[in-house]
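Dear colleague,

I am handing over to you the structure shown below. Please keep it in view while you read the notes that follow.

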Amino acid sequence: MGTLARFRPNRLLTSFAEMFSHTSQHTELHKTILRGEEQPTLQRCEDYCSLYHCPFCGPEMFKPTIKSKCLKHLEGHRRRAIRHKEFFIFKCHLKCRTAPHFHCVSCTSTFMRKDGFLKHLAMCESKKPKVTVVELKSDESLPAPDLHLTTSEAGSTEEMPVSEGHKNLISEDALKIRRRKAYFEQHLCPKRAVSEETVSQGMADQNSRGDGGIMEEQVRTDDPTISPVDEGDPSVVDLSVVDHNVTETTVSNSAASLHPIEADVAIQTLVNETFSGHTSVESTIPQRSRSDAQDLCPFCGLMLYRKNLQVHLRRKHPDQMSNLEKPASAQVKNPKQQRLALRQQQKIAMESEIRAVFRHCISFPVPISASVVADELVDTANEKHCITILTRWSQCDLERGVKLRFSQRWTVLCKHDTVEHVLPSGTSSHIEKELLSSHSPSGTIQAVIREDAGHQYVEVWGQNGLEKSLDLTALNKHGKVYEDAQFACLAWSPCEKKLLYVAEKKRVEPSAHSSVASANEDGGLVLLEEQDKNIYVEDWGEGLVGKSCPVLCVADLNKGAVIVYAGVPPHISPGQALWAPNGRGVMFVGHWNEPFRLGLKFCSNRRSALYYLDMKGNCECLSAEGVSVSSPRMSPDSCWIVYLQGQVFGPHRQCLRMMLYDMKNRSTSVLVDVVRRAEKGQFAGIYESLPSQCWSADNERVFFSSSCENSKAVFSVDRTTGRVTQVCGLDALRLDDFGSVQLLTIQKDLMVMSCSSPNQPPCLKVGFLSSVDQAEDMQLCNVGGADVYEGFDWQPMLITPPSQEENHQFSGLNFGAILLKPYNLPERRKSPLVVNIHGGPHAHFAADWNATAAALTKLGFAVLMVNYRGSTGFGQDGIESLLGNVGSQDVKDVHRAVLCTLQNETTLDPDRVAVMGGSHGGFLACHLVHHQQYLYRACAARNPVINAATLLGTSDIVDWRYSSVGIQYAFDRLPTSQSLISMLEKSPIIHAAQIRAPVLLMLGGRDRRVSPHQGLELYRALKSRNTPVRLLWYSDEGHSLSKVNTQSDCFLNIVLWFKEHLN
């Protein structure tokens, strides 16, 4: 510390004027940056072409055109724009640079890559130059004080005096200063090293040294708690040398606010008062208000402006505030207890932040269905027509702990086969207690099956409100109506006078006076003898509890009656029904229920067939025997039916064939065959059900969505040639911003699709079909949904296993993964990695919106979602390669994906890796914490498979227990010692003694797929060996743990568990 230069008052004002002028250099925004809902200006060129130019593109990039095309072009700019605070930042194609780029809001920087630009936006405002302010204390007997200001960045000091009228530079927070002063006096200066006399003598000595001279005096103390501070860090106050009349403070400033931080100034003022005994002089240099800054509420995690935070605390958290405001005598003075209280407050704040992030990510609406309900011609000469689209959405409400459903109507103005404009949807309508709904073929009326107060009703709604209502419960013809995806349907007859649906067969309990119950004339009752009242009734397993004997029912709206169809064979359970041409019969999928029922949900390998039932009760099988059948869809001209067909047993989900049935010739052919393995980025097969409306208007093409490597895309197949074409996905229609596309419906050649990616919630897009040979030219228009781009990055990965990990029977197979990485990492700080493993095992992680993965990433974790060999989307060979290799091949794939990720991504911390998964994913997670103890530091498993041998007798899919270990299943198969040994050897339970990583278990008490006793078995094994383990029990949950409150609680506990054990 040397002698400080003296500043003159007029130079001080000049310096601060320069500083404030510097902050406003970049306040003028570039023309590609718009504020709020401001729209880009579009003006006609009056100099040359009289056409419209894009304001963001040069004429060489976008050729001037008519206004409508230019507006459509601007919509593309809007979709690809970046939302930053209140600004929309569009990509600039002007001559600022040779390539397209983005302009920063806060500085003059430009970036061509979106990911680099997003990182720059977050870091731009955090750059803070250092400014050191030195104040000279005044005394009546001393000369006028001088103020010294040293700018550390410039490395030089200038003279700038201060006039008498400029004071109050440093705003006070009296409460903070008082607390910090008390802490300073208590802990740092219990005994003052310099008495008032010494200070007075020192001041007298200083006055005697000359006019205006500054002499440095070193104040010594014997208190060991006060240690010298390194001069190299200007942000730390040096207590070893303190002048009695000088206060030195270092302040961090940014380009937006060049003012001292109040906490630093308060501490330095405290130091000056303690050592000198003089009251500090408050400078009054103008300071920008900080009321626009935001703070996090420590109790609920809500981000509020500082000027509103105190009001929020008083209104929403009066009890917590009253505890904090207790007098000092009532507070605990034990330092250890104070630290515990502080940690408790920090934990509360952390939990609030976690809940707030999860609430944000899970609250985005997800479209579940769409239908075209009206098509009106509004301009005959120009062939303009108006199409109405009805969409249905699902949304989670954490406040009530329920999933809400609502509907939206969109009006699309079209010319020929081009969408010109989409009118606003207006207010959404909440759907209450609705089980099923369907619009009539004409679109004029709608049928709804609703449940209210224990009764189920059929309602018919028209233009004048409710037109018809039937109380199904009062009619007492059948049991509960089915609303699931495996059996349910609600279909209008061609005459629009009848409704076809599926319900549970009526059961009659024997009365006290009669031992036998009689069946009604429709055959809808089940005879029950007195001795049969406690007989066991089978059902269709997980997710279909209580559904055993479905029947086909027809509601005659004119007669107000319900008829239960007779003629279905007793060993067949009908579902997914539709009307035959002319309404003379029905077609349905019949599942075999003999010799006993197996779990049906998530299983496409159950024996079933396509049947035709006429009005006389004659039933005929239309498909092959000994196969599985699903998703029958009839063409608009009622001449063709397509359906999906697979094999029985084996993999529980598989690559399916698409079959074509000719109604006239009564013949069946293969339209799309099973894909054994696919080239990179090519069609990899069909793995999910078809949309309810999937035919083009000319009956020539069928459209569907399917998994393809790490994404989901939309494909079409030509009915005559069988050629499969990718219509919409990563490589078509310029949808590079979206990782997955899901087709909801196609009606009258208008496609409605849901598009999303790991950092973009779902949105709806519509577009008309183009010609067969130019599918990539189809124009899509954004309709609705979330317009949000979350601030993290993601990337798909394709991984080839090394030779030592190859499956020699299925060599050359690849597998995939998706990595999500957070932005804005602190300097030299690496992200912890969470490995997320899907269940199944024949399931798939698509690059779509995943609320759990997004919330983890927003909380600072990197998330790796692995599609190991056996996942869907990579061909049938990949699926079959896992049979007999569970617990080895899939474990190696996940670990290989982690090693590749850590090797390629230097921003990830290899010392902080956790693993999580559900069902088979939990099975793999428990394997990994044993096999690779050095790498995986924590584990979270939801309903995991722990002991495959004991699961054999408790699971609703006993066939998969055999198939997973490579044993062919049959209904009459009995377990052998060899099969049980094979299952046990592939189970994590035999390695429980070697598990050292902390394990969090989450179990559903009503799980029919994986018994909760599986998790309890591991819990007891770890507990007895003092391995850290925690068990969460959800008594009313099934296998999926799908209730909103359960999802929220699981996520909170997982994050807290990982933060605790990855610290």
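Glu 620 is partly exposed, with a relative accessible area of 33%. (Buried means under 20% relative accessible area, exposed means over 50%, and partly exposed lies in between, with a 1.4 Å probe and protein chains only.) This is a predicted model, in which local features need pLDDT of at least 70 and side-chain atom pairs count only at pLDDT 80 or more, while totals for chains, interfaces and linings use all residues. Residues are numbered from 1 along each chain as its sequence is written, and side-chain values use heavy atoms, leaving out hydrogens and water.

Glu 620 and Arg 666 form a salt bridge, with their closest N and O atoms 2.4 Å apart. Glu 620 belongs to strand S30 (residues 619-621) and Arg 666 to the loop between strand S33 (657-662) and strand S34 (667-672), so the pair ties together parts that are 46 residues apart in sequence. A salt bridge here is a side-chain nitrogen of Lys or Arg within 4 Å of a carboxyl oxygen of Asp or Glu. Helices (H or I, at least four residues) and strands (E, at least two) are DSSP runs numbered from the N terminus.

How many salt bridges does a search of the whole structure find? The search finds 27. One of them joins Glu 483 to Lys 547, with 3.8 Å between the closest N and O atoms. This pair links distant parts of the chain, 64 residues apart: Glu 483 is in the loop between helix H10 (472-475) and strand S21 (490-492), and Lys 547 is in the loop between strand S24 (525-526) and strand S25 (550-556). Glu 483 is partly exposed at 41%, whereas Lys 547 counts as buried at 12%.

Arg 869 and Asp 893 meet in a salt bridge of 2.8 Å, N to O. Arg 869 lies in the loop between S45 and helix H12 (876-880) and Asp 893 in helix H13 (residues 889-904), so parts 24 residues apart in sequence are tied together. Are these two residues buried or exposed? Arg 869 is buried at 2% relative accessible area, and Asp 893 is buried at 0%.

Two sheets

Strands of a sheet pair through backbone hydrogen bonds, either parallel or antiparallel. In this model, two strands pair if DSSP finds at least two bridges between them.

S1 is joined to strand S3 (residues 87-89) by three bridges, and Ile 33 has Ile 89 in S3 as its bridge partner.

Another open sheet has eight strands in the order S42-S43-S45-S44-S46-S47-S48-S49, and its pairing is mixed. Strand S42 (792-799) and strand S49 (1029-1034) each have a single partner strand, so one side of each is left without a neighbour in the sheet. Five bridges pair strand S43 (residues 815-822) with strand S45 (residues 862-867) in the antiparallel sense.

Individual residues

Ser 987 lies in the loop between helix H17 (977-985) and S48 and is buried, with a relative accessible area of 0%. Leaving aside neighbours within four places in sequence, Ser 987 is in contact with residues including Phe 923, His 927 and Ala 948.

Most residues other than glycine have a negative phi, and most peptide bonds are trans. Lys 85, in the loop between S2 and S3, has a positive phi near 55 degrees and is exposed at 53%. The peptide bond between Glu 594 and Pro 595 is cis, with omega about 0 degrees. Another cis peptide bond runs from Gly 840 to Pro 841, with omega near 15 degrees.

Yours sincerely

Note on methods: Contact = heavy atoms within 4.5 Å.
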